[in-house]
Structure formats: C-alpha cells, structure tokens
Amino acid sequence: MRPSDTRGTTGITATSRLTRRGRLPRLATTVIAAVAALTAPLVVATPTAGAVVGGAPSGPAPWAVQITTFSGVPGTPCSGVVVAPRWVATAAHCGPADPNAYTLGFGNLATVPGGFATTASLASPSIVGAFGSLETGSIGRHTPVAAYHAPAGDVMLLKLAHPAPSPSVRRAGRDPVAGDVLRFHGFGETSPRGQRSAELRTGLTRLDRMDARPGHRIGRSHTIEAGYGLGDSGGPVFHGDLLVGVHSGSDHSRRQPNGTNPAWYESIPAQNGWIDWMIANR
C-alpha cells in the first residue's frame, strides 16, 4: 500500500460543563480533561493480546505514534513507534524527508508525564491548530525537527527536538523464522475503505518467509487475526516484546471475508546498523 498504511489517533473525551450561555468551547473542555488525566500514572505496556481491519483495541501503548502527513494528500494517516528517546520509526512511503510534512501524537489510552495526555483525534486536519506542541510543553501533537529515509528499504526515522514523552521499544537483533506468529499494531481503518481508528488496534500475522534485498530485508506474511488497512503503514510488528519490523504494505485485493490479508514489513534487524548510526551521529 502506498502513501499510507497507518494511523489514527486517540481521542480526548472532555467533561461537559455549562457556562452562563451554554457549553464551554471544545478546546477548553479538552484542556480540562487533559489536566485531570495527568494525575493518572503512566502505564507502560508491552504489546497486548487481542485482535486495524477487524482488530481489537491494543490497550495502553505509550510507545505508539500517531502520524498525520500534510504532504501530497493533506491529512494522510500513518503509524509509527518510538525506537529511541528522540527517534520515531515509520515507513518511508508515508511522506518526504521533510520534517514539516508531519505531525506526531504519542501514546494510546495512557497518560504521559510532562504535560501530555492522550492525543486528540486528527480525523479532520483542520483541528490540528487547536493543540499545542512538545516545545511549548502543552498537550497535543509535535512536529519533528528532521526526517531521514533509509538508504535502502521502506523505512524512515523522524527526529524529535526533545525526548519523546514515552518509553522506547526494544529492537530485535535477528529476524523471526518462518512460521512464527507476530503481533502488529496500527491506527488504520477498522473496516475496508472505512474510517481510521480512533485508537491503536492490533492483530496477528504469521511469517511466511524473509526476502533478502540489497541493503534490507522484507518479511512476507499473511495475517491470521485481523488485517491491515489504510493508515497502518509504519506501524510496529513485534515478536514477543521485541520490535522486528515496521509495516510496509498489504494486498487489499486478496483480503478474506474475515478481514485477513497478505502483508509485508521492513525488517528492523536489517536496519539496526543504520538506526544506531543515525542515533549516534544525527
């Protein structure tokens, strides 16, 4: 799938209050709810069980990143994952190597310290201006300071101005083997050609084989619980609690009645050398 295979965003539910003339403005109620949420502890969870198209809610996932691309088709959704304190990994086809093309939201159904709560939905790009940024310490979404496409493969790193308000995942040092069952996550559509999810969702896929390409590797699989859809690109793929890939594409034309479909991801173990170099030198 091209320009996108990911995204969605976690919504903030604001408590309704009345003023003398009616309800408070939406932004005010959102801020009230977010401030209240800051008293809750940070929930740090590894990928959860459950079943994206036909998927189930992932539950707390502070390492998840909701990405909206304002390039090409404005508001294009993608997904990502925190791989180091100042670095987010996603799919290169999500957009150009231009940091101003993206806005990021961190976490899912969890609060994070430093002025952040669950991020607001970006189903409509027009509301992006209603929320703050990491630089100002306010709640909401963040524009990275740099974007880098990998020399080979469908992988991109987005660099943050400050450490992400969430933990980093652990990257695997080697690829899983054929037959291994992997867990994937994404903020994409929950039904074919439907709305992208308002929360991170998850499913399972079985690895068929690893294809070696010049400078990178691709994991070929077929989902066995739920399936990939628009907005899931760049979403993390885990083997146990280790990150083994970021989603690159799927075959929608071969989607089964239960929502499962063939899919492929970019190998993180194949990209570890480049990722480590970027973290150390950029």
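1. **Ala 226.** Ala 226 counts as buried because its relative accessibility is 5%. Buried here means under 20% relative accessible area; exposed means over 50%, and partly exposed is in between (1.4 Å probe, protein chains only). Ala 226 sits in the loop between β11 and β12 (236–239). Its phi is positive, about 75 degrees, although the residue is not a glycine.

2. **Basis of the values.** This is a predicted model: local features need pLDDT of at least 70, side-chain atom pairs count only at pLDDT 80 or more, and totals for chains, interfaces and linings use all residues. Residues are numbered from 1 along each chain as its sequence is written, and side-chain values use heavy atoms, with hydrogens and water left out.

3. **Overall content.** The protein has 2 helices and 14 strands. Both come from DSSP runs, numbered from the N terminus: helices are H or I with at least four residues, strands are E with at least two. Of the 282 residues, 55% are buried.

4. **The six-stranded sheet.** An open sheet holds 6 strands in the order β5-β2-β3-β4-β7-β6, with antiparallel pairing. Strands of a sheet pair through backbone hydrogen bonds, either parallel or antiparallel.

5. **β2 and its partners.** Strand β2 (residues 64–69) pairs with strand β3 (residues 76–84) in the antiparallel sense over 6 bridges. Two strands count as paired if DSSP finds at least two bridges between them. Gln 66 stands opposite Ser 79 in β3. With β5, β2 pairs over 5 bridges, again antiparallel. There, Thr 69 stands opposite Tyr 102 in β5.

6. Tyr 102, Leu 104 and Phe 106 point one way from the strand. Thr 103 and Gly 105 point the other way, and all of these residues are buried.

7. Strand β10 (residues 201–213) and strand β11 (residues 216–225) run antiparallel and are joined by 9 bridges. Leu 204 stands opposite Glu 225 in β11. The hairpin has 2 residues between the strands, and Gly 215 takes a positive phi near 85 degrees. β11 also pairs with strand β14 (residues 262–267), antiparallel, over 5 bridges. Gly 219 faces Tyr 265 of β14 in that pairing.

8. **Helix α2.** α2 (residues 268–281) has 14 residues. From first C-alpha to last it reaches 19 Å, close to the 20 Å expected at 1.5 Å a residue. The expected span is 1.5 Å times one less than the number of residues. The helix has a kink of about 30 degrees centred on Trp 274; the bend at a residue is the angle between axes fitted to the seven residues ending there and the seven starting there. At the helix start, a side-chain oxygen of Ser 267 comes within 3.1 Å of the backbone nitrogen of Ala 270. Buried residues of α2 include Ile 268, Trp 274, Ile 275 and Met 278.

9. **Asp 276.** This residue also belongs to α2. Asp 276 is partly exposed because its relative accessible area is 40%. Asp 276 and Ala 84 are 192 residues apart in sequence, yet 9.5 Å apart in space, C-alpha to C-alpha.

10. **Two buried serines in loops.** Ser 58 lies in the loop between β1 (56–57) and β2. At 2% relative accessibility, Ser 58 is buried. Its side chain makes a polar contact of 2.9 Å with the side chain of His 185. A polar contact is a pair of N or O atoms within 3.5 Å; within protein, one must be able to donate a hydrogen and the other to accept it, and residues adjacent in sequence count only if both atoms are side-chain atoms. Ser 166 lies in the loop between β7 (156–159) and β8 (170–171). Ser 166 is buried too, at a relative accessible area of 11%. Ser 166 and Val 65 are 101 residues apart in sequence and 9.7 Å apart in space, C-alpha to C-alpha.
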